[in-house]
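Please look over the sequence and the fold below. A short report on selected features comes after them.

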Amino acid sequence: MCEEVKPLCLLDCVSGELTGQILKAMPAKATAYVYGVLSLQPVQCDTNEIIFKGKSIKGLWVTGYLRHKSLLQQYSISRNISSALSSTLKTHVNKAFPLHQIEEALKYYKSHMSDGKCVLLPFPE
């Protein structure tokens, strides 16, 4: 997919090994913005990608970023994000499972990975 789309920006909340794998598939001069560490692992990246292909990894702390914006800029950013959540950033939830069905949810997800997200509901409906 990276060869076809040629994205230059990665917004990464996972970190760890995955960041380097995705960055390696991206074209020269691409940048990974890491804003989370869900993997609980430090970013792992092939240094050759940075030196010879001009790729970079930058940290992005959203709270710190917003702290330097005016109230009007914060409002504008908030409206843009809200709009994108219903279009560009929209997430398709394929199926929801109650938390006690976690094993069934994992089994289902493994055979339907590209059909959308599977979510676990912490509270019974």
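## Basis

This is a predicted model. Residue numbers start from 1 along each chain.

## The parallel sheet

Strands of a sheet pair through backbone hydrogen bonds, either parallel or antiparallel. Here, an open sheet of 3 strands runs in the order 1-2-3, and its pairing is parallel. Strand 1 (9–12) and strand 3 (56–59) are the edges. Each has a single partner strand, so one side of each lacks a neighbour in the sheet. On average, neighbouring strands of this sheet are turned by 20 degrees against each other, direction ignored.

Strand 1 pairs with strand 2 (residues 31–34) in the parallel sense, over 4 bridges. Within strand 2, A32 is the residue that stands opposite L10.

## A helix across the sheet

Helix 2 covers residues 17–25. This helix lies across strand 1, strand 2 and strand 3. Its direction makes an angle of about 155 degrees with strand 2.

## The largest pocket

Rolling a probe the size of a water molecule over the atoms shows where empty space is left. The largest pocket has a volume of about 570 Å³. It is lined by 15 residues. Closest to its centre are L10, L11, C13, Y35 and K117.

Which elements give two or more residues to this lining? They are strand 1 and helix 2. Strand 1 gives the most, with 4 residues.

## Rings and charge

A search of the whole structure finds 1 aromatic pair. A charged side chain also meets a ring: K95 lies over the face of Y108, at 4.8 Å from the ring centre.

## G116 and its surroundings

Where does G116 lie? This residue is in the loop between helix 6 (102–111) and strand 5 (117–121). Leaving aside neighbours within four places in sequence, G116 is in contact with H92, N94 and Y109.

K95 comes up again here. The C-alpha atoms of G116 and K95 are separated by 8.0 Å. Along the chain, these two residues are 21 residues apart.

Terms used:
This is a predicted model: local features need pLDDT of at least 70, side-chain atom pairs count only at pLDDT 80 or more; totals for chains, interfaces and linings use all residues. Side-chain values use heavy atoms; hydrogens and water are left out. Rings of Phe, Tyr and Trp (its six-membered ring) pair if their centres lie within 6.5 Å; planes under 30 degrees apart count as stacked, over 60 as edge-to-face and the rest as tilted. A charge sits over a ring if NZ of Lys or CZ of Arg is within 6 Å of the ring centre and within 35 degrees of the ring normal. Two strands pair if DSSP finds at least two bridges between them. Axes are lines fitted to C-alpha atoms, for helices over the stretch in contact, and angles run from 0 to 180 degrees between N-to-C directions. Contact means heavy atoms within 4.5 Å. On a 1 Å grid over the protein atoms alone, a cavity is a set of points where a 1.4 Å probe fits but cannot get out, and a pocket is an open set with protein on both sides within 12 Å along at least five of seven lines; lining residues have an atom within 4 Å of a point. Grid points are joined across faces, edges and corners, and a volume is the space filled by probe spheres set on the points.
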